[in-house]
Amino acid sequence: MSSILPQLLTGLATASSLFLISAGLTIIFGVSRIVNFSHGSLMMLGAYIGWSILTRLPREPEWFALGILATALATALIGVVLEMAVLRRVYRSPELFQLLATFGVVLIIQDVTLLLWGPTELPLPRPRWLRGFVEVAGSRFPLYDLVLIAIGPLVLGLLWLALNRTRWGTLVRAATLDREMVAALGVDQRRLFTSVFALGAGLAGLGGALSLPNASANLGIDLSVIADAFVVVVVGGLGSLPGAFLASVLIGVLQAFGIVLVPKITLVLVFLVMAVVLVFRPNGLLGRPQTEAREATVAAPVVRPAPPALRLLGAAALALAVAAPFIVGGYYLTVLTDACVAILFAASLHFMMGPGGMASFGHAAWFGIGAYAAGLLLHWAGAPMPLGLLAAPVAAGIVSGLFGWFVVRLSGVYLAMLTLAFAQIAWAVSFQWVEVTGGDNGLLGVWPPDWARDPRPYYWMALALSVGVALLLRRALYAPYGYALRAARDSAPRARAIGLDVERLRIVALVIAGAACGLGGAIFAYGKGGVFPTYISIPHSVEALLMVLLGGLQTVAGPIIGALVYTGLADILVRSTDLWRLVLGAVIVVLVVAFPEGIAGAVRRLWLRGREA
Amino acid sequence: MSVLSVQGLGKSFGGVRAVSDVSFSVAPGEMLALIGPNGAGKSTLFNMVGGQLQPDAGSVTLGGATISGLGPRAVARQGVGRTFQITATFGSMTVRENVQMAILSHRREIWRFWRPAAERFGDEADALLAQVGLEVQAERATGVLAYGDLKRLELAVALGNAPRLLLMDEPTAGMAPAERVALMQLTRRLATERGIAVLFTEHDMDVVFDVADRILVLDRGALIAEGDGPAIRANPAVRAVYLGTGSGGH
Ligand SMILES: Nc1ncnc2c1ncn2[C@@H]1O[C@H](COP(=O)(O)OP(=O)(O)OP(=O)(O)O)[C@@H](O)[C@H]1O
Ligand SMILES: [Mg+2]
């Protein structure tokens, strides 16, 4: 009994931080219909800015409070800049590109933070009053945690007042229900959106600064926090403030008890709870159904097989690729092997995202599961490479199928959020389960057998597998299954009305994409001789997205071109600058704003226009 | 023996009773028109028959088997084809491919991963397109079709399912008057030839009186009249709420 209360209080303190971040996320979504992936980054900025301010102020409580508020204000200002510079330009873009744009911001903020504050963690020296304890039911409880517990409901109350007792709040609520109506009322929408974004950013900054005494400012905050916040918002119901509060308490308390009872699988536990909630309440605890209005508005161009000229070009490129080991060697052969893996990585993502219409921000999860399946089999059972190459797609396909079974009924944004959260959790498991996965050090000695140890035969094997699978994927897309999958994306109601099983089509697409991607992971693992948590990291998922975006969603050749261009560019970029995230992020944002259909899509459009003219 | 039989069907949204206690049936080859002012509950009724919405009360049977409670996909499999009030087609496909999709689904050839779909049932699809007058547009993208042609395409897609029952929610909206009559007379002919039962809604009264065998009038969710053209024209209740004697509505 005595250990329950302190755990409960710890859970409630966590809940408050979760609420601060998810409240902003949910309000911004309500008004702008944009899921802000960079919200965790704003919280990270809050932590760093808070650190800079608080370490310069006197250490009395009133100065602490003042510093925290100043931090919230500063992040709100950053939010204003962000909204005016990026988000405002993508309100009318397709959902996927909005998500991508905010993703680009994540990368930019990563590098800017690194530049300004350096790579080391920055802990806040805690003054005496912050280290105080209070007796609660016979056990000592940190005073600061009690402060945090109080802040959650306080912020909820203030937000409620602002939303229900001010003219601004009335407008926000109206915009959440019906954007056109507010526009019709003659309200300056831009100012409304900017102010809402500023509020959300300010709340994130507040959360970041308040987290300092218990944690530190570090570069991992953004992604770990956004994954948690996505889980909270999905469980509570996107757009619902009380839902976000309820879910924060649920998840916070669950985490606190989970740490005590089943420390290793707390993350998995959280994910399972979310899965259960979604099975019974697909819109979250207090959420309303998401309209699928967008579905009909985006008219994708007709997909036709590539013209003969392009096929000829492809065949020539393939011949060149087969002959490559006789022309180049050493380092370039490794880059080419990486390119083969990239083709699998991108083509599999394209399969589910283009024709399947299911965006994933955590595609690296399947890559990593494949790599770990091969690595673990070798490490623990001494399984040879052919078995590993077989087990990888099977394992990744099964897990992505299970994942798909839970999420397939959800709308696009939910799916995108959950893929990211799932990948982040898979990453955390690989990182924390040291006994099995080797943790940060990874699994070493994952080498191919003797016949494939030389770079040349290994490259040929990788080429054969990746081109083979890419051709199989293409085949499936032009077969009845692929058409049906595309039909379900184009119009789910119409697809159902002609008897198509939309959910099953999508789950199978996830299985296929997961399996193909898992194979890529295994090829990569044997090529590098090891498996590491970075294979599952979010930046790796972003790479897959970028390849597909570069190539465009509308053509089957697109992801392959994207993979090749990206591998080349990334190789040059990583070798020439340390700030590759910054460059990459900026490239994403510019691409999204300038070419909403990708490079291949833009070329295709110009080509078609040229022919019809 | 009727194809479709609806018993005591009801549906509320929150506090709004969109449809309450509606019963009727449709025979093979029969054209049954469902009319009523905006918001009367016509689309809601269609969606309950088609499986898009689940009724709160009552039952729907097709050829004697209960289909209420089934989802739209299962209902389609039982032989129900439909068009939507807001057209729903596959935008990334050509006109012909849209119809091929319906035939592939009907012939259970969806779960095939090898042979190109474009090679399957092209002739059957063209035949259906010819019937609705779209054969010359077979190669075009659906995105560039005129609204009336989209409606025609939806009809061809619905026929690809070889339906026993055809649900058409405002099949002629957005068409010129002459086109409307032509399309509905085509439907009339198909219904007779193939013994398809047709339930349709339509705002154009000329079309309704021209092609419908029987007419149901729905007002605020409830059936207020049923009968053939002359009977409906003469019905005082219908005149009051629908044809707008006095109130000047429609
Ligand atoms: N999904 C829904 N949620 C809430 N109310 C709904 C919903 N669908 C329909 N309604 C309401 O139910 C009533 C009947 O709507 P329905 O669309 O069935 O009418 P209708 O006869 O098809 O009208 P119209 O001629 O305009 O197409 C209306 O009051 C409508 O506002
Ligand atoms: Mg209607």
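This is a predicted model: local features need pLDDT of at least 70, side-chain atom pairs count only at pLDDT 80 or more; totals for chains, interfaces and linings use all residues.

Visitor: What makes α5(B) largely enclosed by the rest of the structure?
Guide: Twelve of its 13 residues are buried, so the label follows from that count. Among them are G148(B), L150(B), L153(B), E154(B) and V157(B). The cover comes from both chains: it includes α21 of chain A, together with β6, α3, α4, β7 and α6 of chain B.

Visitor: What makes D149(B) and R152(B) a salt bridge?
Guide: A side-chain nitrogen of Lys or Arg has to be within 4 Å of a carboxyl oxygen of Asp or Glu. Here the N to O distance is 3.4 Å, so the pair qualifies. The two are three residues apart in helix α5 of chain B, so about one helical turn separates them.

Visitor: Which salt bridge links distant parts of chain B, with R96(B) as one partner?
Guide: R96(B) pairs with D126(B), the closest N and O atoms being 2.8 Å apart. R96(B) sits in helix α3 of chain B and D126(B) in helix α4, 30 residues apart. D126(B) is partly exposed, with a relative accessible area of 25%.

Visitor: Why do you say that R188(B) and D213(B) tie together parts of the chain?
Guide: Their closest N and O atoms are 2.9 Å apart, which makes a salt bridge. R188(B) lies in helix α6 of chain B, while D213(B) lies in the loop between α7 and β9, so the pair joins parts that are 25 residues apart in sequence. R188(B) at 23% counts as partly exposed, and so does D213(B) at 34%. Chain B also has a network of salt bridges linking E30(B), R214(B) and E226(B). Over all chains, the whole structure has 21 salt bridges.

Visitor: How many of the salt bridges are between chain A and chain B?
Guide: Two. One of them joins R494(A) to E154(B), with the closest N and O atoms 2.6 Å apart. That is within 4 Å, so the pair passes. The interface also has 15 residue pairs in polar contact.

Visitor: Which helix of chain A gives the most to the side that touches chain B?
Guide: That's α20(A), with eight residues. The residues on that side of chain A divide into 21 nonpolar, two polar and nine charged.

Visitor: What area is buried between chain A and chain B?
Guide: About 2,900 Å², of which carbon and sulfur atoms give 65%. P480(A), R494(A) and I498(A) supply 25% of the area that chain A buries against chain B, more than any other three residues. The contact takes 32 residues from chain A and 36 from chain B.

Visitor: Turning to chain A itself, what makes Q110(A) buried?
Guide: Its relative accessible area is 11%, under the 20% cut-off, so Q110(A) is buried. Q110(A) lies in helix α4 of chain A, and its side chain makes a polar contact with the side chain of D222(A) at 2.8 Å. Beyond residues up to four places away in sequence, Q110(A) touches M44(A), L219(A), D222(A) and R581(A).

Visitor: And what is the case for G104(A) being called buried?
Guide: G104(A) has 0% relative accessibility, so it counts as buried. G104(A) is also in helix α4 of chain A. Leaving aside neighbours within four places in sequence, G104(A) is in contact with G585(A), I588(A) and V589(A).

Definitions and conventions
Residues are numbered from 1 along each chain as its sequence is written. Chains are lettered from A and ligands numbered from 1 in the order in which they are written. Side-chain values use heavy atoms; hydrogens and water are left out. Contact means heavy atoms within 4.5 Å. Buried area is the accessible area (1.4 Å probe) that two parts lose on being put together, summed over both. A polar contact is a pair of N or O atoms within 3.5 Å; within protein, one must be able to donate a hydrogen and the other to accept it, and residues adjacent in sequence count only if both atoms are side-chain atoms. Helices (H or I, at least four residues) and strands (E, at least two) are DSSP runs, numbered from the N terminus. Ala, Val, Leu, Ile, Met, Phe, Trp, Tyr, Cys and Pro count as nonpolar, Asp, Glu, Lys and Arg as charged, and the others, Gly among them, as polar. Buried means under 20% relative accessible area, exposed over 50%, partly exposed in between (1.4 Å probe, protein chains only).
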